[in-house]
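Trainee: I would like to go through the labels on this model one by one. Let us set each value against its cut-off.

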Amino acid sequence: MKRKILMGLTISLIASLFFMGCNKTVDDNKESSVKSEVQVEKSDFGAKEAISDNNLNLEKMLRYAIEDEFLARSEYEAIIEKFGQVKPFTNIIKAEEKHISMLKDLYSKYNYKIPEDNSKDHIIIPQNLNDSFKAGVNAEIDNIAMYDKFLKQDIPDDIKKVFVELRDASKNHLSAFQKNVK
């Protein structure tokens, strides 16, 4: 059912782009692999999906967490590719690597298979740097909400400790992005 809905949305999006003349922003000065600036709400991955999931279990929480950390890393890499070595993206991307590593350690401990990183299929890069900072604010707000939701669940202490650390790091990231929004 979910696949049919996604297929319908994909077809609708393609048709809309075709009828709009495929109007997208292209930067001729930079060859880039980032996606067009089509703004589509993506809720089937990471924090967005976690926030709407009312049937959580430990494995799903870990999946949503690592997806969201993968997503942040991919988005910040694409922003750096498009706009250059801009802080706080260059600093925060290093933290995302640490977060992913922490989650991978939990995957190993609990003998779960680490999901494939297909986060690049879910990124949307804004047209300008200020919008990128705003997107960072929104992503960190969602990330914090996800971890707050997880921390209300009955979870092992080691996982709770990691989720608290990741949530608190997101609060710091949120502050860094908010300082840059104009």
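Mentor: Start with the lining of the largest cavity: α3 gives the most to it, with 3 residues. Keep in mind that this is a predicted model.

Trainee: Which residues line the largest cavity?

Mentor: The lining consists of E75, Y76, I79, I124, P126, A135 and G136. Both α3 and α5 supply at least two residues each.

Trainee: How do the lining residues divide into nonpolar, polar and charged?

Mentor: There are 5 nonpolar, 1 polar and 1 charged. Glu counts as charged and Gly as polar, so E75 and G136 take those two labels.

Trainee: How much space lies in the largest cavity?

Mentor: About 40 Å³. The count comes to 1 cavity of 30 Å³ or more.

Trainee: Now α6. How do you know that the span of helix α6 agrees with its number of residues?

Mentor: Helix α6 covers residues 157-180, which is 24 residues. At 1.5 Å a residue, the helix should span 34 Å. The end C-alpha atoms are 35 Å apart, so the two values agree.

Trainee: Which residues of α6 are buried, and what do they pack against?

Mentor: The buried ones are I159, V162, F163, L166, R167, A169, S170, H173, L174 and F177. They pack against α3 (58-83), α4 (89-109) and α5 (129-151).

Trainee: Why is F177 called buried?

Mentor: Its relative accessible area is 0%. The cut-off is under 20%, so F177 is buried. F89 also has 0% relative accessibility, and therefore counts as buried.

Trainee: How many aromatic pairs does a search of the whole structure find?

Mentor: The search finds 8. In one of them, F89 and F177 lie 5.1 Å centre to centre, with 45° between the planes.

Trainee: What makes the pair of F89 and F177 tilted?

Mentor: Stacked needs under 30 degrees and edge-to-face over 60. The angle here is 45°, so the pair is tilted. It links distant parts of the chain: F89 sits in helix α4 and F177 in helix α6, 88 residues apart.

Trainee: And why is the pair of Y107 and Y112 called edge-to-face?

Mentor: The planes are 75° apart, which is over 60, so the label is edge-to-face. The centres are 6.4 Å apart, within the 6.5 Å limit.

Trainee: Are Y107 and Y112 buried or partly exposed?

Mentor: Y107 is buried, at 1%. Y112 has 25% relative accessibility, so it counts as partly exposed.

Trainee: Which residues form one aromatic cluster?

Mentor: Y76, F89, F133 and F177. Y76 also lines the largest cavity.

Conventions. Residues are numbered from 1 along each chain as its sequence is written. This is a predicted model: local features need pLDDT of at least 70, side-chain atom pairs count only at pLDDT 80 or more; totals for chains, interfaces and linings use all residues. Side-chain values use heavy atoms; hydrogens and water are left out. Helices (H or I, at least four residues) and strands (E, at least two) are DSSP runs, numbered from the N terminus. The expected span of a helix is 1.5 Å times one less than its number of residues. Buried means under 20% relative accessible area, exposed over 50%, partly exposed in between (1.4 Å probe, protein chains only). Contact means heavy atoms within 4.5 Å. On a 1 Å grid over the protein atoms alone, a cavity is a set of points where a 1.4 Å probe fits but cannot get out, and a pocket is an open set with protein on both sides within 12 Å along at least five of seven lines; lining residues have an atom within 4 Å of a point. Grid points are joined across faces, edges and corners, and a volume is the space filled by probe spheres set on the points. Rings of Phe, Tyr and Trp (its six-membered ring) pair if their centres lie within 6.5 Å; planes under 30 degrees apart count as stacked, over 60 as edge-to-face and the rest as tilted.
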